[in-house]
Each structure stands twice: as C-alpha cells, then as structure tokens.
Amino acid sequence: MEIVLKDLTVKFPSRDRKKKEDVVAVDHFTFTVPDGKLIALLGPSGCGKSTTLNLISGLLVPTEGKIFFGKEDVTHLVPEHRGIGLVFQNYALYPHLTVRQNILFPLENRKGKDRLSKAEMNAKAEEVARLVQIDQLMDRRPGELSGGQQQRVAIARALVKEPKVLLLDEPLSNLDARLRLQTREEIRRIQRETGITTIFVTHDQDEAMSISDMIVVMKDGVVQQTGKPQEVYDSPANLFVAKFLGTPPINVFEGQLRDGGLYIGEERVLDVRGETLQSRSVWVGIRPEGFQLCPDGPLTCALNGVEVMGRDISVLSRSAASVNPTVRSIISTENRVDTSSPTVRFALRPDKVFLFDRESEDRLKFALADAGKMVSGEQPDDSQQTSLAGD
C-alpha cells in the first residue's frame, strides 16, 4: 500500500496565556511511502514524528493537508476503517488474557461479513505466532514473558488483522541493548516476509539506519532530509542531519575559507575550490572515520588518550577550534599511536569532511583544488588519499 502525505500540518492551541500563537507540531510534511517498504521517521523528542504517525493512523486529524492510502483519501477516515496495525511503545497487552487471547482480540471484535469462525481465527493466530516465533508461548500471560516476547505478542496482534499498513511507535525503547538488537532484526525479517508497508518511529539513529529502506529526518515538525540511510549519512543536507546521524557523532570545528584553502584554527587542512566558497567562516564536520593518522598531517590535536575497541582504535584528542569537548577519531588497529607524545596529527579524507554555512547551517559542496569532482559523499580516488596523507 503506497501512502501519500501532502502538506500535513498540525497545530495545537498554546497553553501559554502570554503567547497566543498556536504550537505547530508538524509543519507542511510532504512525503510518499512506497508500497511494501519500511520507512523510519527519525528525530529527537518533540520533533513531530509520533504526531505524524498518529495522523497516518487516524488518531489525529490534520489542521491542513491530506493523506492518501493508494488513491483513497483517508484524511478524515476513522482508524478502524483504515486497515492499519498499530504497535505502541508500552505494548498495551491485556494482562489477564493469554498470548493467544491477546492475539485473537482484534479478530473477535469483527462483525458482519468480516466475522470469522473460531477455527479460522485460531488458524490465523497460530500463523502469526509462528511468524514472530512465539508459537510455544500461546498459553502464557504477559506477566510471564520477557520484554522482547511481549513486544512480539504486540506485533502479532497487529499482524493478525492482515493490515495494509503497519505502524510502529518507538517499539524497542523499553528493551535492553542486546534484546533491542535482536528484536529490530526480527521486525525487519517479518516486514520482508509479509511485504507490509511499514512506518517505524524512533529517536535511535542506529535502529533507523540498520533496518529501514528509507529514513525521514525531522526537527521541530519540519522534514530536514529524506533518502536511503547510507546516502543521508554520506551526504547530509545540513548540520543538524550530520550531527544526528553517526555513532560516534561527527566532530564539528570552527573553520575558515580563505585563499583557496580550508583552515581549522591556523592550520590549512585542505585546498578547496567552489563557486560558493568565497572567504567566510564555516562549520567543518569531520566523521570519526575521516581522520588518517599521519606524522606530518595538516591537522594537529592535543592527545588525550587511546581506546582500543577490538577491530578499531579510538583516538581521543582536543582542539581549540572544536565544538565538541573531545575530538574522537576512529582508525585501524594496524596503526600505532605514540601515547607519549603530547600531540597527534591527522590527514583528512575529503569524502568525510563536510562544510556548512555558519548562519543557515546548510551544506556547502566543495571540490579539491587539484580535482574536478565535487565532494558530496563520493569516495576519493587513491591518488587523492595518497597526496593528502603526505606519502
């Protein structure tokens, strides 16, 4: 089922008597969810992602805009007639009912021509229980299950109705880290097997990037960027998106563009060119994997320490130009850091360096001075890497 959202806007009356302006929770949200795909609405608390999900489900009616399921306008259609399955953060299971009874509940409330026989309902319940791998738990009650098992029951209850659209509102927030990883993999498997169009609300960028076909990054009710997870990571539209995606987070520096070069502090770290790159102050974002350990590299930082993480080494350092208290660089374990030295020097991978306007915080594309290719997420060729590393 394709879902089309056109200029969705939701306004709530202000509770502040001094400020009579309405509170805009979602501001002209426009997006098309392709049929059979898993889309993540991603953003910090209060960004409007759950409100958007409630609009799609019918729990809220938009102040402006329209919602289409396929070609049908469902903007004012009640939730029970939209053909949706909704899974909440708190599971919302009936504690006095067994797993089987919880799954059967939405089927037992069907009326008229949609009413199924008891045998048909049990067959459907068994089928979805096997799909979510809880078929051995059908006679237990929610209080006898782990958090992950309860979440699977909630998903099974949503799927048993054979919905056109599955809506998941922060479904993994109450689980521990290991169980969260396992359950998100299960959600992806179930979605692929069923082919149901799924919208997944989360504030966890790891969850969104690992299981989604596309992500929608939101801030203050406004869509900041949409696209495939890796594409958004590699080519953020603005500083907010760059900072929100990535673990460890991107390192942000105060920088200057002048004389055809990018400066961090007084060090010229890259030779750049571009029509929009006249002399100006910029924010410089560098992904942790964008640093290359180099004895004569152009960027010097004060060394704080080294964390060995098995497959990688995390170098912790400081820079007077850094917005972050600690500059975190991820390098291969093949490298050796001289921990007795007070400083560490880096060359930079241009494809992991992003420039942003100091005021608007929009992304500025640039090219290396000796290369014709614009830097917008592309991998640099080997010659560029070699020259930057000083080999």
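The model is a predicted one, in which local features need pLDDT of at least 70 and side-chain atom pairs count only at pLDDT 80 or more, while totals for chains, interfaces and linings use all residues. Residues are numbered from 1 along each chain as its sequence is written, and side-chain values use heavy atoms, with hydrogens and water left out.

Helices (H or I, at least four residues) and strands (E, at least two) are DSSP runs, numbered from the N terminus. H5 covers residues 177-194, which is 18 residues, and spans 26 Å from its first C-alpha to its last. That is close to the 26 Å expected at 1.5 Å a residue, where the expected span is 1.5 Å times one less than the number of residues.

Several residues of H5 are buried, namely Thr-183, Arg-184, Glu-186, Ile-187, Arg-188, Ile-190 and Gln-191. Buried means under 20% relative accessible area, exposed over 50%, and partly exposed in between, with a 1.4 Å probe and protein chains only. An α-helix has 3.6 residues a turn, so residues three or four places apart point the same way. Among the elements that cover the buried residues of H5 are strand E3 (38-42), helix H3 (118-131), helix H4 (147-159) and strand E7 (165-169). Strand E8 (197-202) and helix H6 (205-211) also belong to this cover.

A cavity is a set of points on a 1 Å grid over the protein atoms alone where a 1.4 Å probe fits but cannot get out; lining residues have an atom within 4 Å of a point. The second largest cavity holds about 30 Å³ of space, a volume being the space filled by probe spheres set on the points, with grid points joined across faces, edges and corners. Its lining consists of Ile-155, Leu-166, Leu-168, Ile-187, Ile-190 and Gln-191. E7 and H5 are the elements that give two or more residues to this lining.

The backbone has some further features to look at. Most residues other than glycine have a negative phi, and most peptide bonds are trans. Gln-133, in the loop between H3 and H4, has a positive phi of about 65° although it is not a glycine. Gln-133 counts as partly exposed because its relative accessibility is 45%. A cis peptide bond, with omega about -5°, joins Thr-247 and Pro-248. Pro-248 sits in the loop between helix H8 (239-244) and strand E11 (251-258).

How values were computed. Contact = heavy atoms within 4.5 Å. 1 Å grid on protein atoms, 1.4 Å probe; cavity = no way out; pocket = protein on both sides within 12 Å on 5 of 7 lines; lining within 4 Å.
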